[in-house]
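Please keep the model open while reading these comments.

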Amino acid sequence: MAGASSGSAMRSHNESLVIACLRNGAPMSRAQLAERLGLTRAAISRIIASMVERGLVQETGTRAAGGSGRPGRHLELSNAWVGIGLDARVDRTELVCLGMGGQVLRRETLDVPDGPSPEAFVSVATRSITALRKSMPGTFTGIGVALPAKVSDDRLEVKRSHHFGWDDVPLARMLSERMDLPVSLRHGAECAAVANARQPELIGSNRLLHVQVGSGLGLALTRNRDLDDTLPVGWGGAGHALLGDPKRLCICGRHGCVDTVVGFEAFAARGRAAGFGDVVVDQGMDGFAALVSREAAVGQCWALESLEELAEDLGRILAVFVAIEVPDGVTLGGYVTALGSDFLDRLDEIVSGHLRAKSPIVRTSAGADAPGLGAAMVGLSLIAEE
Ligand SMILES: [Zn+2]
């Protein structure tokens with residue numbers, strides 16, 4: 001029962017520090033942890049003993065040398081503690097289970113109807129998570145939900161989702177009442193940003209700007225591999241900044257939003273006119289993006305024009321964001337990451353031309369799975385604190 005298990009999930013502030021330390025690096029010995037956290041060996045031994053007992057941390061096979069005193073075993077986070085992530089997109093919803101140790105334990109696509117009502121969404125999610133908890137061992141810490149939506153300051157309500165047509169929906173409460181687990185809502189871009197910032201390509205980078213381009217565009221900033229929590233909730237809703245085409249109408253009712261030129265529907269217009277509309281329905285945004293990439297490779301004009309127009313619009317818009325935020329690096333997510341390396345090379349060229357500097361875009365391996373993975377990381381972070 002989740003009610004009983006959440007009591008034993010309690011952790012102290014020092015345990016949070018140990019978790020953060022082990023999450024961001026290789027396994028460490030007690031001596032290394034004590035040194036890193038500025039705690040005595042006795043204190044760290046006490047904390048670790050309690051964490052090992054509850055299955056949060058386990059000893060690895062290897063023995064650690066170095067440090068002062070006798071060598072001890074390396075410690076790592078255990079996958080017996082599991083975070084659940086829901087990645088609710090316009091064209092599909094995915095469920096990801098992530099162990100505290102970083103292992104993806106389960107990934108499945110949920111049978112959510114198109115344009116779901118909040119009740120329909122919660123009902124499908126509840127059914128799937130209930131089945132999952134019956135079939136999987138482990139202690140579930142919480143549920144993170146990635147949404148194409150603006151959420152409330154406390155991360156419990158959807159304030160507005162143009163794409164789902166939802167207003168003021170208490171989604172976290174609806175899910176948590178049925179699942180008896182804590183739930184936290186995030187914009188999809190925020191979840192993807194966290195997952196990307198923890199990819200091996202970005203170790204050592206501090207301040208990263210993530211740009212998620214799906215049905216609309218969203219931004220998120222990370223610092224030291226976590227969301228920059230000095231920014232207000234709702235920061236990054238740049239899809240409705242007026243940097244698009246002033247002649248095009250946006251779903252928000254205004255003209256000229258960023259989404260009217262880089263949102264998926266704008267990108268798909270040429271492909272639909274060329275008779276590939278059914279690919280969007282059958283294979284979703286990423287499948288359609290892969291098709292455009294293939295068609296461009298064999299010289300199809302509509303595909304080449306689609307890519308060039310997107311590279312110019314997105315390149316110009318990215319250059320504006322980079323000039324304002326001056327991040328150490330930029331990561332991309334959404335359908336644009338499925339457009340192939342020729343497109344990304346061209347995008348680098350355009351951004352670099354605008355900035356008169358090397359393009360800050362870093363290609364990571366998180367790809368299309370990033371929002372679900374990041375949502376599960378949010379789910380893991382909900383393990384209760386004392
Ligand atoms: Zn708009």
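1. Basis. This is a predicted model, in which local features need pLDDT of at least 70 and side-chain atom pairs count only at pLDDT 80 or more, while totals for chains, interfaces and linings use all residues. Residues are numbered from 1 along each chain as its sequence is written.

2. Domains. The protein is divided into domain 1 (2-77), domain 2 (81-193 + 371-385) and domain 3 (205-363); the bounds come from an automatic or database domain assignment. Between the C-alpha centres of domain 1 and domain 3 the distance is 41 Å.

3. Helix H4. Helices (H or I, at least four residues) and strands (E, at least two) are DSSP runs, numbered from the N terminus. H4 covers residues 41-53, 13 residues in total, and spans 18 Å from its first C-alpha to its last, close to the 18 Å expected at 1.5 Å a residue. The expected span is 1.5 Å times one less than the number of residues. Just after H4, Gly55 has a positive phi of about 75 degrees.

4. Faces of H4. Which residues of H4 are buried? They are Ile44, Ile47, Ile48 and Met51. Seen down the axis of H4, these buried residues fall within an arc of 95 degrees, so they line one face of the helix. The arc is that of the directions from the helix axis to the C-beta atoms. Ala42, Ala49 and Glu53, on the other side of H4, are exposed. A residue is buried if 20 or more other C-beta atoms lie within 10 Å of its own, exposed if 12 or fewer, and partly exposed in between, with C-beta atoms placed from the backbone.

5. Sheet. An open sheet of four strands has the order S13-S12-S11-S14, with mixed pairing. S13 (226-227) and S14 (329-334) stand at the edges, each with a single partner strand, so one side of each is left without a neighbour in the sheet. S11 (residues 207-213) and S12 (residues 217-223) pair in the antiparallel sense over seven bridges; strands pair if DSSP finds at least two bridges between them. Leu209 has Leu221 in S12 as its bridge partner.

6. Val169. This residue is found in strand S9 (residues 166-169). Val169 counts as buried because it has 24 C-beta neighbours inside 10 Å. Leaving aside neighbours within four places in sequence, Val169 is in contact (C-beta atoms, placed from the backbone, within 7 Å) with Pro118, Glu157 and Val158. Val158 and Val169 are eleven residues apart in sequence, and 5.0 Å apart in space, C-alpha to C-alpha.

Terms used: Contact = placed C-beta atoms within 7 Å.
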